[in-house]
Amino acid sequence: MLRGILLYLAHNQAMYKIVMSVALFRRMALRFVAGERLEEAVEVVRALNAKGIAASLDHLGENVSDAAATTKATADYIAALEAIASHKLHCGISVKLTQLGLDISDELTIENIRKVLDRARELGNIYVRIDMEASQYTARTIKIVHCLREQYGYTNVGTVIQSYLYRSEADIEALNASHIHVRLCKGAYREGSRVAFPFKPDSDANYVHLSHQLLSKGEYPSLATHDPKMIGAVLDYVGANEIDHSRFEFQMLYGIRRDEQERLASDGYNMRVYVPYGVDWYPYFMRRLAERPANLLFFVTGLVKG
Ligand SMILES: Cc1cc2nc3c(=O)[nH]c(=O)nc-3n(C[C@H](O)[C@H](O)[C@H](O)COP(=O)(O)OP(=O)(O)OC[C@H]3O[C@@H](n4cnc5c(N)ncnc54)[C@H](O)[C@@H]3O)c2cc1C
C-alpha cells in the first residue's frame, strides 16, 4: 500500500515541484545519487574502479515530451561517454528511452539512440544499456533493442528484463537467441495484475527461474539485485553448474549495500554499480523510497531533525 502510494507520487507533478524546491529533500536524495553534475559522478566511478568495481552512468531524466529536450539528453549522454573515455573509466552508460523520445515517436528515439551508440562505438565500444521502464513501454523498448542489434549491427547494446512481468520468460528466450545481453531486475514501477505478479514471492521465485535461464543460455547476464536470497540462489546455481565467474556479473545501485558490493568484488565476482547523476532525480528517488520502508524512515527522521 505504502509502496503503491510512493510509486504513484513518483509521477505526480505537484509533489515533484514541492520536493525539488526543498534543499533538505535534495540532500536526502543524494544518498542514492552521485551528484547533480557529471564531474561528481566521474569521481564516484573513479573511486569504485579503484576498488575493482565497474560502473554504469545514468544521466537522470525520463518521460521527456518535447523534441528539443531529447536532443539535449542525447548530448548529455555523449558528454558522459566522452568523460568515460578521457578518464579511462571502467564504465558504461544506462539510458532510458523515454528520455530520448519514446513518448514522441519510435523514429525520433532510434535517431537519438543511434547517435549515442555511434559515439560509444567510436570511443572504444563503450557499453550502452537500455533501462526498462513501465510496462506500457516494454514491447517497444525490446523491439527497438532487437532492431539496433539486428538491423543496424550494434554489438555494444543490451537491455533489462523485470521478473515481475509475466511476459519476461518469452522476452529472455528471444533476447538470448539474438545474443543480446540482459540485466535481470525485479522491476520498480507500479503495475497491475493483468501484466505483473501481484505478490512479491511470485516475482522473487520468477527472478530465480529467469536467472537460471540467463545463466545457462544467455550471453554475459547481469544479475541486478540487493536481495541476499537472490544472490544466494545465483551463487548456488553457478556453483552447482560450474559456471565460470567471468561469464556473468552482479549489479547494485549506488548507495545501497556498499559492503556487499565490495565483498562480492573481493571474492572475485564481476560487480558493477549503477551510478545516477543529474538534476532530475525526483522519480528515481521516489522509486528507491518505495522499495524499502527503512529508506522512508531514514528520510522522515532527517526531516524531523531538520
Ligand atoms: C543495477 C540495477 C539496475 C536496475 N535497473 C532497473 C531497470 O532498468 N528497470 C526497473 O524497473 N528496475 C531497475 N532496477 C530496480 C529493481 O527493479 C528493483 O526495484 C530494486 O533493485 C530492488 O529490488 P531488489 O532485488 O534489490 O530487492 P528487494 O525486493 O527490494 O529487497 C529484498 C532484500 O534486499 C535487501 N535490500 C534491498 N534494498 C536494501 C537497502 N537499501 N539496504 C540494505 N538491504 C537492502 C534487503 O535484505 C531486502 O529485504 C535496477 C536495480 C539495480 C540494482
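At what angle do helix α8 and helix α9 pack, and how far apart are their axes?

## Basis of the model

The model is predicted: local features need pLDDT of at least 70, side-chain atom pairs count only at pLDDT 80 or more, and totals for chains, interfaces and linings use all residues. Residues are numbered from 1 along each chain as its sequence is written.

## Packing of α8 and α9

Helix α8 (residues 168-177) packs with helix α9 (residues 200-217) at an angle of about 10 degrees, and their axes are 10 Å apart. Helix α8 is therefore roughly parallel to α9, a term for angles under 35 degrees. Axes are lines fitted to C-alpha atoms, for helices over the stretch in contact, and angles run from 0 to 180 degrees between N-to-C directions. Helices are DSSP runs (H or I, at least four residues), numbered from the N terminus.

On the α8 side, S168, E169, I172 and N176 meet L210, Q213, L214 and K217 of α9. By class, the residues of this contact are three nonpolar, three polar and two charged. Ala, Val, Leu, Ile, Met, Phe, Trp, Tyr, Cys and Pro count as nonpolar, Asp, Glu, Lys and Arg as charged, and the others, Gly among them, as polar.

## Domains and their contact

The domain assignment, automatic or from a database, gives domain 1 (1-32 + 281-306) and domain 2 (35-280). Their centres, taken over C-alpha atoms, are separated by 23 Å. Eleven residues from domain 1 and twelve residues from domain 2 form the contact, for which C-beta atoms, placed from the backbone, must lie within 7 Å.

On the side of domain 1 that touches domain 2, α1 (2-9) and α12 (282-291) each supply at least two residues. Helix α12 gives the most, with five residues. That side of domain 1 divides into seven nonpolar, one polar and three charged residues.

Key: Parallel < 35°, antiparallel > 145°, perpendicular 65-115°, else oblique. Contact = placed C-beta atoms within 7 Å.
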